[in-house]
Amino acid sequence: AERELNDPDAFLPTSMRYEGQDIIWTKPGYATYRGTPSNHEMADSTILCNPDRVILPPNLDRISKSKNATEHQKRYVHDFKFAAASIDHWKESKHPNEVILADAISIWKTTCDKLTTNPYFTEGWYLPAFYPIYSYQCAAGIHSFFETAPVFHPDKKPTFWKKQIEQSEEMFNSWEALYYHVTSEKCIPFPKCLWYHKYHYIHQRKQADAWKRFFHSNTFREWGRSS
């Protein structure tokens, strides 16, 4: 998140658009696999997995066999095979009987495949994040950040931090609902959970008005509240 703060297009969900009955991204502001903090439980799987065993879904398989694939498309297929192999190995070795996790993996693979048909898909569009890991790391990040932040900002009262935790959890819950009720059902990449971006703009940069303007007159205007 820190690296993205000066590039709103890299984190805003406002580039999601309806196209007929579907929803597409016009800019790559979605959460990415490469942008998800590493998960220690998956560490072994990134080493022991075998990308060559991965069965590519239809669109990615077509790209892999094309003689006209771009370098970006080739990298995307390569990254998918490694990520899918890691996730599959993690599932099989650590959570073999979890049906809900299997469903989440299926949704993620379909989402990765479907993204390649987006008319805006080009250089800079990376693999979408895998929800179970991204969600876990996001929740852990909220806990870790607000556990240590008061130490570095002793001038802030406990009531201030209590309110920030509540707002961050509120944003997390809103983001989580969007995944379950919209993006997972349509197999489109989910937005980034913006609790840190919001905190930084409003309380570190003192740019509450800029944060509000990001979400002016759009579906996500509720995310633009500064209090």
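Trainee: Is Cys187 buried or exposed?
Mentor: Let's start with the cut-offs: buried means under 20% relative accessible area, exposed over 50%, and partly exposed in between, using a 1.4 Å probe and protein chains only. Cys187 has a relative accessible area of 14%, so Cys187 is buried.

Trainee: What should I know about the model itself?
Mentor: This is a predicted model, in which local features need pLDDT of at least 70, side-chain atom pairs count only at pLDDT 80 or more, and totals for chains, interfaces and linings use all residues. Residues are numbered from 1 along each chain as its sequence is written, and side-chain values use heavy atoms, leaving out hydrogens and water.

Trainee: How many disulfides are there?
Mentor: A disulfide is a covalent bond between the sulfur atoms of two cysteines. Here the rule asks for a pair of cysteine sulfur atoms within 2.5 Å. By that rule the count is 0.

Trainee: Which cysteine sulfur is nearest to that of Cys138, and which to that of Cys187?
Mentor: Cys138 is in no disulfide, and its nearest cysteine sulfur, 3.3 Å away, belongs to Cys193. Cys187 is in no disulfide either; at 10 Å, its nearest cysteine sulfur is that of Cys112.

Trainee: Which backbone oxygen does the side chain of Lys192 reach?
Mentor: Lys192 sits in the loop between α6 (158-186) and α7 (195-204), where helices are DSSP runs (H or I, at least four residues) numbered from the N terminus. Lys192 is buried at 8% relative accessible area. Its side chain comes to 2.5 Å from the backbone oxygen of Ala10.

Trainee: Which side chain makes a polar contact with that of Ser45?
Mentor: Ser45 lies in helix α1 (residues 43-48) and is buried, with a relative accessible area of 1%. A polar contact is a pair of N or O atoms within 3.5 Å; within protein, one must be able to donate a hydrogen and the other to accept it, and residues adjacent in sequence count only if both atoms are side-chain atoms. At 2.9 Å, the partner side chain is that of His89.

Trainee: Is α2 oblique or roughly parallel to α3?
Mentor: Helix α2 (residues 58-65) and helix α3 (residues 71-94) pack at about 125°, with axes 10 Å apart. Axes are lines fitted to C-alpha atoms over the stretch in contact, and angles run from 0 to 180 degrees between N-to-C directions. Under 35 degrees counts as roughly parallel, over 145 as roughly antiparallel, 65 to 115 as roughly perpendicular and the rest as oblique. Therefore α2 and α3 are oblique.

Notes. Helices (H or I, at least four residues) and strands (E, at least two) are DSSP runs, numbered from the N terminus.
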